[in-house]
Amino acid sequence: MPYPDYPVPADEPQRQRDLERLGVLNHPGDEHFERLVRLASTVLETPIALISLIDGDRQWFLAHHGLETTETPREMAFCAHAIAGNETLVVPDARQDPRFCTNPLVIQDPKVRFYAGTPLQSRDGHNLGTLCVIDQQPRHFSSSQVRLLEDLAQLVLRELELRRLTTVHPISALATRPSFLEQAEPELVRARQAGEPLALLALELDHFDQIKSRWGVQASERALGDIAALLRSELCDQDLLGQIGNREFGVLMVNVDLEMAMERADAIRTGINEIRGIFTASGHRLSVSGGLTMLAPSDHQAIDALLRAERALFLAQGNGQNQIAEILADPLEAKGS
């Protein structure tokens with residue numbers, strides 16, 4: 001039996017990116033999240049509680065209590081409707097609601113009658129999924145129960161943020177090398193499916209050891225932090241940043257051709273030259289060397305493109321630093337700027 005389509009949020013592309021870059025999709029179950037759904041089930045007296053993440057054409061359960069399955073199609077997901085707004089969605093009796101009365105999850109097992117779901121919003125304001133509770137009997141949900149569900153959702157978000165902090169560099173708060181590569185994989189898939197270009201830039205701070213020996217560790221870390229701040233200010237929302245080494249940064253530019261990528265890379269290099277920060281009194285100028293490449297048909301994983309960008313980085317350093325070099329799929333086709 002047909003049932004109504006789910007609403008697609010206006011921010012769907014970036015919402016999906018935020019979800020992927022959270023780094024929890026398809027990862028093994030976690031006791032902290034399982035404890036939270038058990039708590040929600042107990043205090044709100046519902047047999048089912050879920051942390052549901054809306055991913056592409058499915059909802060995937062980061063944690064589930066009272067329901068054995070780990071995912072359902074997005075078109076069946078009550079949570080797909082909940083993430084379309086910013087308030088808790090309460091459905092007292094799904095059989096009486098035209099959005100859900102023909103839904104297989106209502107007609108068949110688990111025979112959903114009552115649903116309440118609070119959106120889980122990313123730091124950038126995108127709804128990734130919900131903390132929801134479900135009953136197989138219609139019921140009333142009081143305003144105090146709504147507040148309690150929302151308080152529990154904040155605990156879920158706190159736990160997600162703690163997980164994120166384990167995947168970022170302590171100086172810059174940018175993704176570490178493993179996290180950067182993991183987050184880059186969906187972008188490679190999307191770029192190939194859409195036939196769009198993808199550029200990858202590797203940057204390294206020049207004279208890092210000299211900065212550390214002359215001005216100290218604090219100054220060298222401040223320089224890295226200033227570079228990270230400039231990178232954040234220069235890039236588009238869909239781009240991906242990482243601190244992929246002690247003094248190295250990775251920049252993934254989405255849907256950007258080689259000419260535009262080189263322009264942006266050189267603008268970043270110039271902007272870093274203009275940073276004063278802790279070196280205002282000394283007159284020292286920061287500089288970076290960079291290696292640029294484009295996604296190639298032969299790239300099986302993100303690491304293939306990153307290693308090529310790093311070869312271009314070494315070329316820029318060998319040519320005198322404070323410049324951007326590029327290497328495309330053929331390592332013999334290289335030039336600097």
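Ten residues line the second largest cavity, and Glu75, Met76, Ala77, His81 and Asn103 lie nearest its centre. This is a predicted model, in which local features need pLDDT of at least 70, side-chain atom pairs count only at pLDDT 80 or more, and totals for chains, interfaces and linings use all residues. Residues are numbered from 1 along each chain as its sequence is written, and side-chain values use heavy atoms, without hydrogens and water.

A cavity is a set of points on a 1 Å grid over the protein atoms alone where a 1.4 Å probe fits but cannot get out; lining residues have an atom within 4 Å of a point. The structure holds two cavities of 30 Å³ or more.

The largest cavity holds about 60 Å³ of space. Leu188, Leu198, Leu200, Leu252 and Ala305 are the closest to its centre, out of 13 lining residues. Twelve of the lining residues are nonpolar, one is polar and none is charged. Helix 6 (177-194) is one of the elements that supply at least two residues each, as are strand 7 (198-205), strand 10 (288-294) and helix 10 (302-318). Helix 6 gives the most, with four.

Now the helix pair. The axes of helix 7 (residues 208-215) and helix 8 (residues 217-234) come within 6 Å and cross at roughly 135 degrees. The two helices are therefore oblique to each other. Phe208, Ile211, Lys212 and Trp215 of helix 7 meet Val217, Ala219, Ser220 and Leu224 of helix 8 in the contact (heavy atoms within 4.5 Å).

Key:
Axes fitted to C-alpha atoms, helices over the stretch in contact; angles between N-to-C directions. Parallel < 35°, antiparallel > 145°, perpendicular 65-115°, else oblique. 1 Å grid on protein atoms, 1.4 Å probe; cavity = no way out; pocket = protein on both sides within 12 Å on 5 of 7 lines; lining within 4 Å. Points joined across faces, edges and corners; volume = space filled by probe spheres on them. Nonpolar A, V, L, I, M, F, W, Y, C, P; charged D, E, K, R; others polar.
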